[in-house]
Amino acid sequence: MEEKIVVTGGKPLQGKIKVSNAKNAVLPILIASLLGDGESKILDVPHLTDVDTTCSVLQHLGQEVARQNGHIMIRTVEPTSFEAPYQYVRRMRASFLLLGPLLARYGRAKIPLPGGCAIGSRPINLHLKGLEALGAKVNLEHGHVEANCRRLKGAQIYLDFPSVGATENLMMAASLAKGQTIIENAAEEPEIVDLANYLNAMGARVKGAGTPIIKIEGVKELLGTTHTPIPDRIEAGSYMVAAAATKSDLTIENVIAEHLKPVISKLKEMGVQVDEHESSLRIRPGEEELKAVDIKTLPYPGFPTDMQAQMMALNCICKGTGVVTETVFENRFMHVDELKRMGAKIKVESRSAIIEGVKNLSGAPVKATDLRAGAALIIAALSTEASTEIGALEHIDRGYDNIVGKLQEVGASIERIG
Ligand code: EPZ
């Protein structure tokens, strides 16, 4: 029988919930370990299927990967293969980040084209354009990118869009290139800064990560090191919204509030009370009924697209009408039809969804259509007294570490069956 999450909501959560470290920092960092000689140790890594896939693809390339007590040790050796199997790239697009490190360290790589996914066509043109500027010969044939180079050479690269993945791939490649690389209009996400900190701890010379201009002085070699990734701001944001949707007094631990500024500001605009502490946030209900807000997703430090679905679910039960505009991905409204099955009133017009708030949602059997859509459905289900069954859990398992267990600990009636 297909596994399902069953939720009976309509009651406040209470207590403390601890956030794991960030999926979107851990994946590029595990892949970047390929650049360093010797062993890297990545501490407190969340239990996610995307982490498992990354470890499998590194092992497929012949790297020694060991896991112990939530830590991952990678001892890099001369790869036995320079080709990432399609089954991994199809499962997890971030595998495409192998291209930069393999090229920079070994001068060759063959990676299947990731293709589109539920949220958009997801092209990789900016990755390839940047690597060609660094001197790589790139060939697209039979659904693969095959790239070769002697030693990459530093270059000035302007990104047409501040792509997270392209910034990460080029930052890693430039770390071992000859000379200086400047990446302009770079992505500024906290996960980019975390990757740069890991690279610099291995001996790289990356400056300006977290700003639109990143400067990298290439070095001859990097050495494995130990690193603890940053907390997961999207997991934290998901629990903040769950607390607001259930009128809870909930403390979320292992959080960097600075990383969640746009989410905090929108929740306050709705009427939620948010208290910031050193490494935690306390969410409490406001005096009045929550009111719907307008949201427009943008690259960091704008409102994160990875929080769009969760905030849409909350808007569904707020007073008034809110408009959610998705500018980063062209097809990230797959959760709308599932929320409508639960009684939400949503109309989609091109890249905007107009949400008219209702008093209560009703329970229904629904399916996660992608990772964050899955989180939005759990939030919607927690907000209603009715019982809801959520399927297609493979999406949720990619990015939420023990979400059912963590919510049970703060009093949610939620279980995984099947
Ligand atoms: C990262 O994906 C995250 N994934 C995504 O999180 C997140 O939604 C996204 O950044 C935006 O914040 C990881 O970090 C593993 P992009 P990435 O390159 O790197 C276009 C989640 O839920 N583009 O910044 O793939 C692209 O089509 C996931 O955890 C090009 O046109 O995102 C998209 O519209 C989902 N050409 C936009 O840029 C390129 O060469 C943003 O993509 C590259 C991207």
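A polar contact is a pair of N or O atoms within 3.5 Å, where, within protein, one atom must be able to donate a hydrogen and the other to accept it, and where residues adjacent in sequence count only if both atoms are side-chain atoms. The structure shown is a predicted model, in which local features need pLDDT of at least 70 and side-chain atom pairs count only at pLDDT 80 or more, while totals for chains, interfaces and linings use all residues. Residues are numbered from 1 along each chain as its sequence is written, and side-chain values use heavy atoms, with hydrogens and water left out.

**View 1. Lys23 and its surroundings.** The side chains of Lys23 and Asn24 are joined by a polar contact of 2.7 Å. Lys23 belongs to helix H1, residues 23-32 (helices are DSSP runs of H or I with at least four residues, strands are runs of E with at least two, and both are numbered from the N terminus). Because its relative accessibility is 9%, Lys23 counts as buried (buried means under 20% relative accessible area, exposed over 50%, and partly exposed in between, with a 1.4 Å probe and protein chains only). Leaving aside residues up to four places away in sequence, Lys23 touches several residues, among them Asp50, Asp232 and Arg398 (contact means heavy atoms within 4.5 Å).

**View 2. Ala204 in its loop.** Ala204 sits in the loop between helix H7 (190-201) and strand E11 (205-207), and Ala204 is buried, with a relative accessible area of 8%. Not counting residues up to four places away in sequence, Ala204 touches Ser175, Leu199, Val219 and Leu222.

**View 3. Ala204 and Leu371.** From C-alpha to C-alpha, Ala204 and Leu371 are 33 Å apart in space, and they are 167 residues apart in sequence.
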